Structure formats: structure tokens, C-alpha cells
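Colleague: Please take me through one part of this model in detail. Pick a helix-and-sheet region and then place it in its chain.

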Amino acid sequence: MTARSVLQQADIARALTRISHEILESNRGLSSVDGEADLVLLGIPTRGVLLARRLGAILDGIQPGAVAVGALDVTMYRDDLSKNPTRASSPTEIPPGGIDGKTVILVDDVLYSGRTIRAALDALNDFGRPRAVRLAVLIDRGHRELPIRADFVGKNLPSSAEERINVRLSEIDDSEEVTIG
Amino acid sequence: MRHLLSTKDLTRDNAIAILDVAEDMAGVADREVKKLPALRGKTVVNLFFEDSTRTRVSFEVAAKRLSADVINFSAKGSSVSKGESLKDTAQTLAAMGADVVVIRHAASGAPKVLADSGWIDAGIVNAGDGTHEHPTQALLDAFTIRRRLYGPDSRGRGLDGTTVTIVGDILHSRVARSNIWLLTTLGASLRLVAPATLLPVNTSGWPVTVGYDLDAAVDAGPDVVMMLRIQAERMNASFFPSAREYSRQWGLDDERVARLPAGSIVMHPGPMNRGLEISAGAADSAQSTVLEQVANGVSIRMAVLFHLLSGSDA
């Protein structure tokens, strides 16, 4: 009930714009090989997919056609399937060009234990062999349980394990903000 | 979900959840690596006391695509033919560490006996018991209908307002019984058409309307016509005068298919008796979903095994 708002709509937009430019910079501009995007953004359901689409739209505005956007469901690759109630899966959409030889950027809303990303790396394996895999997250809240680190972070948000971090995005939620509490 | 014994036990939310997971499972067949690690280290036993090709193979493929280990056990060539009881067979499988037992049995209720007995602590999936139920067939039928009706927008939807006509040997059909409960739960309205001899004596407890005239049912323009197999192995009395007469009155021939609305679909659970309950033209028409049903069977069974074997209550 005492959830505190840490990012508002404008902050989220600014963070995504900054991440887009960092992605651009780390890839020394973007190139498309034979008209196929060299960079593939894969969002992790649910909100990672929305963030990936937004990043894709920003990058497309800077250099049209240089990025492809998709979704990667990791439900079947989790290590806690038998410890939690049955999870519903979500669609996986790999862009038509595939991921072989591409730079894949995984996009998620909150980075916490790192186990979701571990599952995502396993899932990627079954779709092909990317040239490199990077990770972009809106919030890094710490408490990693695996040796995983984000390459692009919207905001570092030190938190205690008891706190809940909620990301709400206007596409599916009735507001747009990040709260902690 | 602990067991899947009957579609009567499924709530609308349960059923839609299974269909939605099956949508995601369907994509696995098109991938470079056709396997998911979700059920690694789990053992699925196919316990088949009755002949089956597609159901057993379908369960086997489904379990393997989820990385489970599969043991096939058929009554022929096993100790059952030496007179071993269901109890001893079940306890043997329990000792071998089965996590799920997929059972097909000629006796209605055999899966329930296994689930309630305490002989074995595995999840039980009914893969057809006598003339009682065949839940995964009904789920794959519902999945097939939903995909034909809504395509990529299927997710999360029921079958509200869809009209389904089931034709043929209702009396012996476990497929019909499972479909009646499931499709009704999902919001479809059902009509049964059969010779009076192949209908149960009393259908007042079923949420269906009953008719005897296939031509009238076809002209009513249903969204789905589901043909049932004439089960020669259960035809131990003269239910109809001759195959030719059955075919003329209750068979779906080319002429009847042509009278169906353009968007309607023709289903058959297989194996088909071509020329008896369904003509070759009808079975191979664009409206027919027979092969889709087989392909969708794998996705549905993956979803069912996933629901049974994942989750802390499993």
C-alpha cells in the first residue's frame, strides 16, 4: 500500500532513448546485411516484449530497417517449474531472418536473480547461434543468484528482497510507472 | 491439475489454459531443435490395454518433445497376457518410478480406479476407457475448431456460439462423450445425429439436442460436422440393417458436403472407414481437418503433460 513511484512516464521514455543510443554506440552504428537486420531485439514476455518493441521503434527512427524485433518465451526452460504453480506460456516470435550470426539483445523489465536470463540463454540455443548476446533491462534491482550482468540498464534500483517492484506500461496497464514497496 | 480423467472435470478456465499452452507448443515443430527441456528427468508410461496407433504415438512424440523419458507398455506381449491384474501392473510401474501413466483400457472407469486406488502415486491421463471418455481427443478437437475459426487470434478464446453436429455411433463413442462436455463448457451448442439404435436410451442428462435425420442437420448449416467411426469391434448386435443403408442415410458423402456452408469444417477422429461413415471426397476436401487433428494432437498432449507434471502440486 505504501508503494513509492520511482520512475514516471517521462523517465521511462528517457531511459529507453538512452538505452537505444547505447545500443547504437556499442554496435558502432547499425548495419543491415542484404537488407536483413543485423541486430535482433528479443523481448521476454510479458513486459519485456513491449519494451523491445519500443526500443525497436526508437532505433528504427534513427536507422530504418536495421533492427528486427521478436519475443522469446522462456517458460519451458525455467529451473523452478516443479517448485511453483503451473505457469502459462506465451508466444515466441523469432523474426523471419532468424538469429544465426546476428547480435541478439535480450530485453526484460526487471533483472533480479538472473534465472530468467539463464533460461533465455538456453532457449536461444535451440533457435540458432547468435554472434553475440547482450542484455538490456529497464530496472536492475540486484540480488543476483547467477553470474549474469546487464549490458544496458535503464535504472539501478537497490532494493531489499522483501520489496516488490512493479513495472506498469500503458500498452497493457492502466498507468505507466515503476513503483517499489 | 493432478489427473486428466474426464472433460467433465475441466472448468472453462482450465480448458482454455490447456488450449493456450498448446498454441505455444505447436511452434516447437517448426524449430531447429524440436525439443523443450520442461520435463527433463520425468518418466511417462504409455499403458495400452487396447489397440491404438495415433494416440499412443502422439503421446510418445509429445513426451519426447518435452524431454521426458517414455516407456511403452502394451498388454500384448506383457505379463498382462499371463493374467497379471491391473493392481500388480500399476504397482510394478510405481516401483519403476513413473511420474505419469497414460492409460487406455477397454473397461470404462479403469483410469479412475488407477487414480483413486493408491497403488501408484503418478498422474493419470485417460487415453480412452471403454465407452466412457477420451479427453485428449476432445481437447484436440476443440483446439482444431478454435484454430480454424480464429486463426492467430485464438488465444484466450472459447467456442461461444459455435454450432457442432456429431454424427454416427454415439452409443459406443467415448470421443462423443468427451466432446459433449468439453465443447459445452467452452460455449458451443451441440446436436447429435444418429440412428435411434446407436443413441443411448436416455440422453436427457446431456446438454444436447438429438435428431435422426442427417440431411436436415446438414441443411441447418452447422459450423462443424464431426463424423464418428463405426466401431466394428463393438458392433455385437445388428444396430443397422447393412453398411450400405447406413452409408446412404448417415454417411457424409460428397453431395452432403457440398450443401454445407462454405466456412464449415468436417472432422473425424480417425481411423476412418472411407465409404462408410465418410466418403473419400469428404475426407480429402478442403473443409476436412482430419490431418490437422493428428498434428494438433501432439501439441495438445504436450500441453496436458506439461500441466500435469509442472507446478508445485504435481
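Modeller: Start with helix α6 of chain B, which lies across β5, β6 (189–193), β7 and β8 of chain B. α6(B) runs at about 155° to β6(B). Axes here are lines fitted to C-alpha atoms, for helices over the stretch in contact, and angles run from 0 to 180 degrees between N-to-C directions. Contact means heavy atoms within 4.5 Å. Helices (H or I, at least four residues) and strands (E, at least two) are DSSP runs, numbered from the N terminus.

A word on the basis. This is a predicted model, in which local features need pLDDT of at least 70 and side-chain atom pairs count only at pLDDT 80 or more, while totals for chains, interfaces and linings use all residues. Residues are numbered from 1 along each chain as its sequence is written, chains are lettered from A and ligands numbered from 1 in the order in which they are written, and side-chain values use heavy atoms, with hydrogens and water left out.

Now the sheet under the helix. Five strands of chain B form an open sheet, ordered β7-β6-β5-β8-β9, with parallel pairing. β7 (208–211) and β9 (265–267) of chain B are the edge strands, each with a single partner, so one side of each has no neighbour in the sheet. Neighbouring strands of this sheet are turned by 20° against each other on average, direction ignored. Two strands count as paired if DSSP finds at least two bridges between them. In general, strands of a sheet pair through backbone hydrogen bonds, either parallel or antiparallel.

Look at one pair within the sheet. Strand β5 (residues 163–167) and strand β8 (residues 224–227), both of chain B, pair in the parallel sense over 4 bridges. B:I166 stands opposite B:M226 in β8(B).

α6 (174–185) is also one of the packing partners of helix α1 in chain B. The buried residues of α1(B) pack against α5 (135–150) and α11 (290–309) of chain B as well. Helix α1(B) spans residues 12–26, 15 residues in total. From first C-alpha to last, α1(B) reaches 21 Å, close to the 21 Å expected at 1.5 Å a residue; the expected span is 1.5 Å times one less than the number of residues. α1(B) is mostly covered, with 11 of its 15 residues buried. Buried means under 20% relative accessible area, exposed over 50%, partly exposed in between (1.4 Å probe, protein chains only). Among the buried residues of α1(B) are B:I16, B:I18, B:L19, B:V21 and B:M25. B:D20, B:E23 and B:D24 are on that list too.

Helix α5 of chain B holds B:Q137. B:Q137 counts as buried because its relative accessibility is 6%. Leaving aside residues up to four places away in sequence, B:Q137 touches B:V175, B:P269, B:Q293 and B:R301.

Finally, the chain as a whole. Chain B has 11 helices and 9 strands. Its 314 residues would give a compact globule a radius of gyration near 20 Å, and chain B has 19 Å, which agrees. That radius is taken over C-alpha atoms, and the globule rule is 2.2 Å times the number of residues to the power 0.38. The C-alpha atoms of chain B fill a box of roughly 55 × 45 × 35 Å along the principal axes. Buried residues make up 56% of the 314 residues in chain B. Among contacts in chain B between residues at least 6 apart in sequence, 76% join residues at least 24 apart.
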